[in-house]
Every structure is written in structure tokens, then in C-alpha cells.
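Walk through this fold with the model open beside the text.

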Amino acid sequence: MGSNIAQRSFEVGVGKLESVGATLERSGLKGNALLVSGSHVWEEYGTTLLQQVSRVASVEVHKVKANTMERAMDLAQQALLGDIDFIVGFGGGKATDVGKYAAYVAKKPYVSIPTTLANDGLVSAIAVLKDSESLPRSLGCRMPDVAILDIDIVMNGPIDLVKAGIGDTISNHTALIDWDIAVKAGRESENNYAKLMSSTALESLINSRFDEIDGDFLMQLAKSLIFSGIAMEYAGSSRPVSGSEHLFSHALDYYAPQNNLHGIQTALGTIAVLTLTGRPRKQLLDYLSRFEVDVNPRRLGIDKDQFVECFQKAPAMRPGRYTCLNECDLATANLEATYDQVLEETR
Ligand SMILES: [Zn+2]
């Protein structure tokens, strides 16, 4: 369980893929490595990564296409039976979550090398895996022992994934409001340290001077997502970064699956919840439009009926998670008016 890790570390910067070997060496990782990779990124970066990891270990490569629990358990078993010393996950979320959970189950150190910044799960102690009915489950596990993020790889990837990462960070705003509401209602205890981490993630992003997506901006976004991950670690749950806006996003996944990115759905959820509860949102709307993060529900393919239904179903998505939705008017007419207002404000 990380006891054979000399040093936990987060490496964020340009060209970090070329120093993976050195980072592993510093962390004291060696022996046999099980490398779990997304197939697309492997085509482009596999040779470099393999060279790097091979500097400290003999490597067994497994490519994963789907983030299923079954695949994670299978790899955990292979790690246990195959005398594996540590697991490396490389990819945009599916492979890193499969690797993360396999490492947790097999009690092996885990090295995460995410290739996108699409959500705050990249460096968190939570893995999202599909169960036997193909429904996504958020499973508690451990934070990666080593996380390496190469800004060049993110820069060369799809811009929409970066926008989703902005959206997932924005959602800390409503998550923190919801946490306060739950504390006031006696449903949840406070954790100032986790709150501080979550608000730092949010504020350091929206108060930064950047107005375009470049390398420096991506450094900041990466740091914010790492802070969100640490917030979850300290809270022991996703509470500091996931409130009513995430419940709405989960409901969309179940009842109105349009294949929008998670972070875009949660950003829409944030704006919609603020609108529904009459809270200020101009600063967040301005920030989203500065980076052309489009959360207009109509353009995302979410019609009024789906919007209403998903807000009405949202509280049941995770019954233990008390949020503002437990205390506000979810009547159809009220939600329809909210939809219209969100359309107007995100025009
Ligand atoms: Zn999220």
C-alpha cells in the first residue's frame, strides 16, 4: 500500500513524458510493472512511455477500451498472480480509472499518467467504473502514489476535454454551497481543510489572468484539478467537489444520455442550480464564455422536458447527498421557467 514508495509525487509540466523513468526512479519503483493504457494514446505515445518505464522495470502492457469493473478486477488478479510490483495507468480517464482500481484491489503502488484534463477524477481517490449493467459507479479507492501530467500531450489533445475540465472545476462552487446547506441541516459534518482545498481549486482558476487555453493556463487547470482531488482525499468522499450539479449530471447520464462530457454537464448543472435558487452567477457565466465553454442546454441537445425530469430525479440519484435540491421547489412550472432563464443567459 504505498509503503514501498520512497516518495509520493505529482509532476506537472511540459515534456514530462520524457522524464517518466527518472520520476519512477526517484519514487523507488522498480521490478515488474503492469501498464494499463488507452489504445488511442498508445499509438501515439506508447513507444516513448514504454522506453521510459522500461528504465526501471520489465513491463507488461494491457490496452483497455472500456472502463468496466470486470476489467479492473481481472487486471488486479493478473497483478497479484504475476508478481507485479506496481501499476501504471496511461490515458484519458478510462484506462487510468481501471488501473487505479486494479492497483487498489491488488494493493500495489499506482502511477497515474493522465493524457487529458477533462475532470477532477484524474488524481482523486475515486474510480468511475461500469458495473455489469453498464451503469457508471463511483468507487472509493486511493489517490495515485505518483501522478505525472505532460502538458504537451494535453495541448495536442481535443480542446473540448479541456473545456470539460474547466466545467468540472466550476462545479466546486455549487458543491460547496450544498455542503454548507447539508451542514446547517445537520446532515453532514464540516471539514474546513477539504473546503479550503476545493475553494482554492476553484478560485485560483477563475481569478487567474488567463484568457486563452495555452500551456500556462493548462498548468493552472492541472493544479486546480489536483487540488480538487486532494479535497476529496481529505473529506473521504467527493462531497467538496460534487453537489446538486453533479446529481443533475448523473440524472442526465441515466435519463437523457446525449453523450455530453461530464464536466460540461456539471457546469450546466452549476449555472442551472444557481438560477433555480436565485443565486449570483454572472462571474461564472463570464468565465465560461471567456473560454467558450458552451453550456446552453438546447445546443447540448437537452430539451425542456429532459431538463425538468432530470432535476426532479436528481435528489434520488444519491439519496445520502443532501443538497439545495432537498429544500427548493422542484415543481414542473418552476423548473420550466429555470430552463428558459438558463437558455436566455447562455444565449
Ligand atoms: Zn465531476
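Strands β1 and β8 pair in the parallel sense over 5 bridges. Two strands count as paired if DSSP finds at least two bridges between them. Helices (H or I, at least four residues) and strands (E, at least two) are DSSP runs, numbered from the N terminus. This is a predicted model: local features need pLDDT of at least 70, side-chain atom pairs count only at pLDDT 80 or more, and totals for chains, interfaces and linings use all residues. Residues are numbered from 1 along each chain as its sequence is written.

How many of the 5 residues of strand β8 (residues 146-150) are buried? The count is 5 of the 5, so β8 is largely enclosed by the rest of the structure. Buried means that 20 or more other C-beta atoms lie within 10 Å of the residue's own; exposed means 12 or fewer, partly exposed is in between, and C-beta atoms are placed from the backbone. In a regular strand the side chains alternate between the two faces of the sheet. In β8, Val146, Ile148 and Asp150 point one way, Ala147 and Leu149 the other way, and all are buried.

Now take the whole sheet. It is open, has 6 strands with parallel pairing, and runs in the order β1-β8-β5-β4-β2-β3. β1 and β3 (57-64) stand at the edges with a single partner strand each, so one side of each is left without a neighbour in the sheet. Neighbouring strands are turned by 15° against each other on average, direction ignored. Axes here are lines fitted to C-alpha atoms, for helices over the stretch in contact, and angles run from 0 to 180 degrees between N-to-C directions.

Two helices lie across strands of this sheet. Helix α2 (residues 39-54) lies across β2 (31-38), β3 and β4, running at about 165° to β2. Helix α3 (residues 69-81) lies across β2, β3 and β4 too, running at about 165° to β2.

Next, β4. It pairs with strand β5 (residues 110-114) in the parallel sense over 5 bridges. Isoleucine 87 lies in strand β4 (residues 86-91) and stands opposite tyrosine 110 in β5. Isoleucine 87 is buried, with 30 other C-beta atoms within 10 Å. Leaving aside neighbours within four places in sequence, isoleucine 87 is in contact with Leu34, Val36, Ala79, Gly99, Ala102, Ala103, Lys108 and Tyr110. Contact means that the C-beta atoms of two residues, placed from the backbone, lie within 7 Å.

Most residues other than glycine have a negative phi. Aspartate 83, in the loop between α3 and β4, has a phi near 60°. Aspartate 83 counts as exposed, with 8 C-beta neighbours inside 10 Å. Lysine 107, in the loop between α4 (94-106) and β5, has a phi near 55°. Lysine 107 is partly exposed, with 13 other C-beta atoms within 10 Å.

Which residues have the most contacts inside the largest nonpolar core? They are Val36, Ile87, Val88 and Ala102, in a core of 106 residues. Such a core is a set of buried Ala, Val, Leu, Ile, Met, Phe, Trp, Tyr and Cys residues joined through C-beta atoms within 7 Å. Helix α9 (residues 215-235) gives the largest share of this core, 10 residues. Domain 1 (9-156) and domain 2 (159-345) both give residues to the core, so it lies between them.

Those bounds come from an automatic or database domain assignment. The C-alpha centres of domain 1 and domain 2 lie 27 Å apart. Across the boundary, 20 residues of domain 1 are in contact with 24 residues of domain 2. On the domain 1 side, β1 (9-13), β7 (136-140) and α5 (151-156) are the elements that give two or more residues. The largest share of that side, 3 residues, comes from α5.

Finally, threonine 270 lies in helix α11 (residues 262-276). Threonine 270 is buried, with 30 other C-beta atoms within 10 Å. Beyond neighbours within four places in sequence, the contacts of threonine 270 are Ile170, Ser171, His173, Thr174, Glu245 and Leu284. Threonine 270 and leucine 284 are 14 residues apart in sequence and 9.1 Å apart in space, C-alpha to C-alpha.
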